[in-house]
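Subject: Structure handover and notes

Hello,

Here is the structure for your files. My notes on it come after the sequence and coordinates.

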Amino acid sequence: MRLALLCRNPDLYSHRRLVEAAEARGHQIDVLDTLRIYMNITSHRPELHYRGEKLPKYDAVIPRIGTSITAYGTAVVRQFEMTGAWTLAESVAITRSRDKLRSLQLLSREGIGLPVTAFAHDTRQLDHLLEMVGGAPVVIKLLEGTQGVGVVLAETPRSAKSVIEAFRGAKVNILVQEFIKEAGGADIRTIVVGGKVVAAMKRQGGEGEFRSNLHRGGGASKIKITPEERATAVRAAKVMGLHVSGVDLLRSNHGPVVMEVNSSPGLEGIEGATGFDVAAQIIELIEKTAKPGKTRTKGTG
Ligand code: ADP
């Protein structure tokens, strides 16, 4: 097959692994810098260009769009879709997964377990908002945050209120969430490929840290997940309409709850912790699934 990998940095572990896995399975893969692709939006004849040349027809496109370039990156993916190319992640699915509130709404509509979450623009009914999520301690999250930045644990009603007021004063959007204390500073990252969990790891935050992000000094280890956790991860990936995703779960005393569904999960942590060849599984899925003209809007909105 002829494949295109859209990314900014070809040297990143995940990108190197995808190239290696594709080549090992006999495919030709072009690594294209997403921001250097340009396009013309002429009626009926969508094209994509790169370094002065029209891009060829690819059997499949693998988008790895970083959060800082979501708007341009998804426009490029959409243009590929308009040419009839098959893409591993649809532009709408990427956009959906980047919006925490929209994702939670879609997951809740399908009855998937979630931390109780409240969202408001106005802070005049703060007491009621906190009551809705069961009162302090609560977790307050910036809607635009990644890698645990902008995720705050407020232990008392007073600190919750001052954090919320500070964020709102800074004109940023937040959501307020039930604190899943029983998770003990750990979460579970599952990788779902083609409707199956192919790898799972437990991430544990450092001493005194409730956030388990590896970027924040957490550690990771292979974990066996329960059938309920497996089913939850698979359903969450399906609702988001993603062929490949990283689904983050917390073990709560009301069952597994989904925190986030990531459309470009990193491979380094999960391959390191589990020893599984996740990149090869992704390429295998492309071999089985990719067909021109078969990209249509999946998922629920
Ligand atoms: P980001 O997308 O920035 O990584 P997350 O929402 O994943 O932010 O939160 C970062 C970490 O904080 C999670 O990996 C988890 O360990 C912890 N965390 C997030 N939400 C909760 C919650 N409601 N209860 C307990 N821990 C949480």
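This is a predicted model: local features need pLDDT of at least 70, side-chain atom pairs count only at pLDDT 80 or more; totals for chains, interfaces and linings use all residues.

Residues are numbered from 1 along each chain as its sequence is written, and side-chain values use heavy atoms, with hydrogens and water left out. Helices (H or I, at least four residues) and strands (E, at least two) are DSSP runs numbered from the N terminus.

Strand S1 (residues 2-7) has five of its six residues buried, so it is largely enclosed by the rest of the structure. Buried means under 20% relative accessible area, exposed over 50%, and partly exposed in between (1.4 Å probe, protein chains only). S1 runs parallel to strand S2 (residues 28-33), with six bridges between them; pairing requires at least two DSSP bridges. Leu6 has Leu32 of S2 as its bridge partner.

Arg17 sits in helix H1 (residues 13-24) and counts as buried, at 13% relative accessibility. Its side chain makes a polar contact of 2.9 Å with that of Glu20. A polar contact is a pair of N or O atoms within 3.5 Å; within protein, one must be able to donate a hydrogen and the other to accept it, and residues adjacent in sequence count only if both atoms are side-chain atoms. Beyond its neighbours within four places in sequence, Arg17 is in contact (heavy atoms within 4.5 Å) with Leu267, Glu271, Asp277 and Ala279.

Arg124 lies in the loop between strand S7 (117-119) and helix H5 (126-132). Arg124 is exposed, with a relative accessible area of 70%. The side chains of Arg124 and Asp122 are joined by a polar contact of 2.6 Å. Glu165 is 41 residues from Arg124 in sequence and 9.8 Å away in space, C-alpha to C-alpha.

In helix H3 (residues 91-98), the buried residues include Ser91, Ala93, Ile94, Arg96 and Ser97. Among the elements that cover the buried residues of H3 are strand S6 (60-63), helix H2 (70-82) and helix H4 (100-109).

The second largest pocket is lined by 16 residues, and Leu55, Pro56, Lys57, Tyr58 and Thr83 lie nearest its centre. A pocket here is an open set of points on a 1 Å grid over the protein atoms alone, where a 1.4 Å probe fits, with protein on both sides within 12 Å along at least five of seven lines; lining residues have an atom within 4 Å of a point.

Regards
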